[in-house]
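Hi,

Here is the structure I promised to pass on. Have a look at it first, then read my notes below.

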Amino acid sequence: MSLRLQTERSPRWWLFTTDHRTIGIAYLLLSLAAVAVGTVLSIFMRIHLIAPDLKLPFWGVVPPEGYLALVTMHGTMMVFFVLTTGPVNGFASLVLPAQIGARRMALPLVNAISLWLTVVSFGVLLAAFLVRGGAPISGWTNYPPLSAIAAAGPGQATGMDLWLVSIGIFCLASVFGAINLLTTIVSKRCQGMTLMRMPLTVWAWLVTAVLILFAFSILLAAVVLLLSDRHLATSFFVPPGEVIDGLLVAPHANGSPMLWLHLFWFFGHPEVYIAILPAMGLTSSLLANFTRRPVLGYPFMVATTLAIGFFGLLVWGHHMFVSGMNPYAGTAFAFTTMAIAVPSSASVLGWLLMLLSGRESRVHPLPTPMLFTLGFLSFFIAGGLTGPILAQPVLDAYLHNTYFVVAHFHLIMAMAGMFSLFAGVYYWFPLMTGRLMNERLGKWHFWLSLVGAYATFLPMHFAGLAGQPRHYAQLTGSTSNLSSLLPLQTGITHSALFLATAQLLFLVNLIWSARRGRLAETNPWRATTMEWALDASECSVVRGPYDYRFDANLPDFILQCADEAEQE
Amino acid sequence: MRADRVWWMPPNGALHGVAIDRLMWWNLVALSSLFVLAHIFLFAAMMRRKKSTSPDTSSSWKRELLPLAGLTLLYAWMAVSAQRLWATIRYQGAAPNALQVEVTGMQFQWYFRYPGNDAVLGATRPELINAPAGNPLGLDRTDPHSADDIISSVLLLPAGREVDLRIRSIDVIHGFFIPGMRLKQNAVPGMEMHIHFTPSVVGDYPILCSQVCGSGHARMQSHLRVVSESEYQAWLASHEPHLTSGATR
C-alpha cells in the first residue's frame with residue numbers, strides 16, 4: 001500500500017502512513033526541530049548569564065524566572081525529544097526492520113501512533129511558553145513541592161500542567177514505541193538471523209526497549225500522581241505544613257517529595273542509557289565499517305550492552321546522595337554506579353583496540369560519519385571519566401548540582417549523543433534521500449563542532465570545582481566568590497555561540513545534499529548490515545553482522561544476507 | 001580569596017575537608033591522566049601505518065582484558081577509599097555535646113536558630129509563620145523554650161567546635177551548600193536532616209542554595225562566619241532576646 005501511495009505523497013498519506021522509513025524520517029525531523037529550539041534556548045541562557053540586561057529577540061529582557069524557564073525547557077527538549085526520539089525511534093524506525101531482514105515493523109500502526117503522540121507531546125510542551133506565567137521553572141527534574149504547588153513560582157501553574165501532560169503523552173508514545181521495537185526484534189527476524197547474528201545496533205535497541213518499558217512506565221505513574229496532587233488534593237509528594245509566600249497551603253496529608261525523587265530518577269537514570277546505548281551500538285558498527293574489520297569480540301560487546309542495561313536500572317540513587325536519602329543507601333548506589341563503569345570501560349577499550357588493529361586497513365581519508373564516531377568516542381571518554389568521581393558520595397556531596405555535573409552530562413550525554421546522531425545521519429542519509437551528504441561541509445562541521453564543544457564544556461568543570469551551582473540566573477549576590485567566575489562564564493558563552501553557529505553548516509548541508517547531493521550507489525559505505533541490501537526481505541542469513549576481511553584477493557566485505565556461493 | 005584559587009575549590013575551612021580535598025585531588029589526577037592517555041592512544045591509532053606485506057597479526061579482544069582489570073582495580077580503589085571517608089563523615093550522628101543550630105530554608109532565604117541558654121529549641125508551627133510580624137519561622141511564643149531562641153540570618157560558629165545542624169524547609173526543597181566547608185545537604189520540607197561538621201579555620205564562607213527552588217534561587221545566599229570562641233560568646237550575649245527575663249528554666 002505504502003509504495004503506491006508514496007508516489008502521490010498527499011498530505012493525507014503523510015499523516016496516515018505506517019511506512020517505517022517515513023516514520024523514521026518524521027521522527028528525525030521532529031528531533032531536528034527540537035534540537036534547533038533547544039539550542040536557541042541554551043544560547044539565550046548563556047547570553048543572559050553574562051549580560052542580564054540585554055534584550056533578546058522574541059523574549060526581551062529575561063527575568064530570573066525566565067532564565068529558569070529556559071533551563072527547564074532546554075533540558076526537557078534535549079533529553080526527551082532529541083536524545084530519546086532521535087537515536088531510539090528515529091534511527092530504529094529507519095533501519096531496524098531492514099537490519100533484521102524484515103519487510104516492516106511488527107506493529108506498524110502502533111509505530112505510527114507513537115510518532116503522532118510524540119508530535120502532540122512536543123506541541124503541548126511548546127504551548128507552555130504561551131500560557132500565563134510562562135513555562136515551568138523547576139528544571140527538567142521538577143522536584144515537588146516546587147512543581148506541586150502552583151503558587152510556588154511563575155510558570156508553576158498552567159505551564160507546569162502542560163509540562164506534565166506533555167511528558168505523560170511522551171511516556172505513552174515511548175512505551176508504544178518500545179513495545180513495537182521489542183515485538184519486531186523478537187518476532188520479525190528473518191531466517192538465520194539468530195540473536196548472536198544481530199547487528200550491535202539491534203542489540204542496543206533491544207536493551208533500550210526493555211529499559212523504556214521500565215523507565216517510562218514509572219515516569220508515567222509519577223506524572224499522573226503529581227497531577228493528582230496538584231488538582232485532586234492528594235498528598236503523594238506534598239508534606240503537611242507547607243507555607244508558600246507567607247500563606248499556609250491547603251492542608252496536605254503526609255506526602256514526601258522523596259518519593260518523587262525516587263520515581264523520577266528510577267526513570268531518569270535508565271533514560272541516560274536509553275539515549276546512549278543506540279549510540280554505542282552505532283559506534284561499534286561504524287568502527288567496523290570504516291576500519292574494514294569485524295567488531296572485536298562481538299559476544300563481549302553484546303555482554304557489555306546487556307550489563308550496562310542491567311546495571312542502568314540499579315544506579316538511580318546516585319542522583320540523590322545529598323537529597324536526604326539514607327547514607328547507607330548512598331553507599332549501595334555508589335557501588336552499583338562504580339560497577340557500571342566496568343562494562344562502559346570495556347566498550348571503550350574494545351573500540352580503541354578496533355582502531356589500533358584497523359590502522360592498516362581503515363578507509364582513507366576518514367569520511368564524515370567516521371569522524372563523528374571518533375568525536376563520540378572522545379566525548380564518551382571525557383564525560384565518562386568524571387563519572388567515577390561523581391559516583392563517590394563523599395566527592396559528589398561537594399560537586400552535586402554544580403557546573404561540574406553540567407559538564408559531565410553535557411559531554412557524555414549531550415555531546416556524545418549528538419555526535420553519534422550526526423554520525424548516523426551522515427551515514428544513513430542515502431537511505432533517506434538516495435544521496436550522500438557533502439563531505440567537505442561535513443568535515444568542517446565536525447572540526448568546528450569538536451573544538452566548540454570542548455571549549456564550551458571543559459571549562460565548566462572549573463566553575464563546578466569553584467562551587468558554582470547550576471540554575472543560577474545571575475552571578476551576583478552577597479557572596480563574593482560567584483562574580484569572580486564571570487570571565488570564565490563569558491568565555492563559555494562565546495564558545496557556545498561558536499558551537500551553535502557551526503551547526504548552521506549541518507543545516508546547510510542537509511538542505512543542499514537532499515536536493516543536489518551526489519547520488520549514492522546501492523551500498524555506498526560497502527557495509528555488511530542488511531539495511532544496505534537491495535532487498536533483504538526474502539533473505540536467509542548465514543553469517544554474523546560484521547564480515548569485513550582484510551585480504552587483497554577477496555572482496556573486503558560480505559553483506560550479511562549474501563548467498564554462500566557469492567562469497568566463494 | 002586568593003586569586004589563584006578563583007577557578008578551583010575555595011580554601012577549605014572544615015576539619016573533614018582536608019581528607020576530601022586530598023581524595024578529590026587524587027581522583028582528578030588519576031582520571032585526567034586516563035583522559036590524556038586515552039587520547040594519545042586514539043591519535044596514535046589514527047596514525048596510518050604503511051601497508052605492510054607481512055600477514056596481518058589479527059587482534060583479539062582478549063588484549064583488552066589486562067587494561068580492563070587495571071581499570072576495575074582503580075574503580076574498586078576509588079569506591080572503597082571514598083566509602084571509608086563517607087562512612088566516617090555521615091554514618092554517625094554528632095557527638096552529644098555538639099553545638100545545636102537549626103537551619104531553615106524558605107523562598108529565598110536561610111534562617112539560623114540557636115537554642116539559647118536552655119539548649120532546647122522552642123516549638124514552631126507553620127500556621128504561626130508571619131514574617132512581616134517578625135516571626136518568619138512560626139515560633140510558638142507560648143512554649144517556654146522558645147523565649148531565649150536566637151534567630152539570625154547569618155550562621156556564626158566558633159572555630160574548633162563540632163556543630164550539629166538540623167536542616168529543614170518550610171516550602172520547597174532547597175540545597176544547603178557551604179563550598180568552603182565541603183558541605184551540602186538538601187533541605188526537604190516535612191523532613192529534618194542532620195549534618196555535623198567542625199569548622200576549623202576562622203573566616204567568612206558563602207552559603208549557597210544548590211537546589212533550584214524558584215525565581216529567586218540564585219540570590220538565596222547567606223554567610224557562615226567562623227569566629228573564635230570568645231567572639232562567639234560575645235555575639236550570643238549581644239543577640240540574646242530581651243524578653244528572656246520572664247522565661248526561667
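Predicted model: local features only at pLDDT ≥ 70, side-chain atom pairs only at ≥ 80, totals over all residues.

Let's start with one residue: P108(A) is partly exposed, because 19 other C-beta atoms lie within 10 Å.

Residues are numbered from 1 along each chain as its sequence is written, and chains are lettered from A and ligands numbered from 1 in the order in which they are written.

P108(A) sits in helix α6 (residues 108-127) of chain A; helices are DSSP runs of H or I with at least four residues, strands are runs of E with at least two, and both are numbered from the N terminus. Setting aside neighbours within four places in sequence, P108(A) is in contact with T18(A) and H20(A), where contact means C-beta atoms, placed from the backbone, within 7 Å. H20(A) is 88 residues away along the chain, yet its C-alpha atom is 6.9 Å from that of P108(A).

Now the two chains: 76 residues of chain B and 81 residues of chain A take part in their contact. On the chain B side, α2(B) gives the most, with 14 residues.

Chain B itself splits into domain 1 (11-46 + 62-91) and domain 2 (99-246), with bounds from an automatic or database domain assignment. Their centres, taken over C-alpha atoms, are 36 Å apart.

Cheers

How values were computed. Buried ≥ 20, exposed ≤ 12 C-beta atoms within 10 Å, placed from the backbone.
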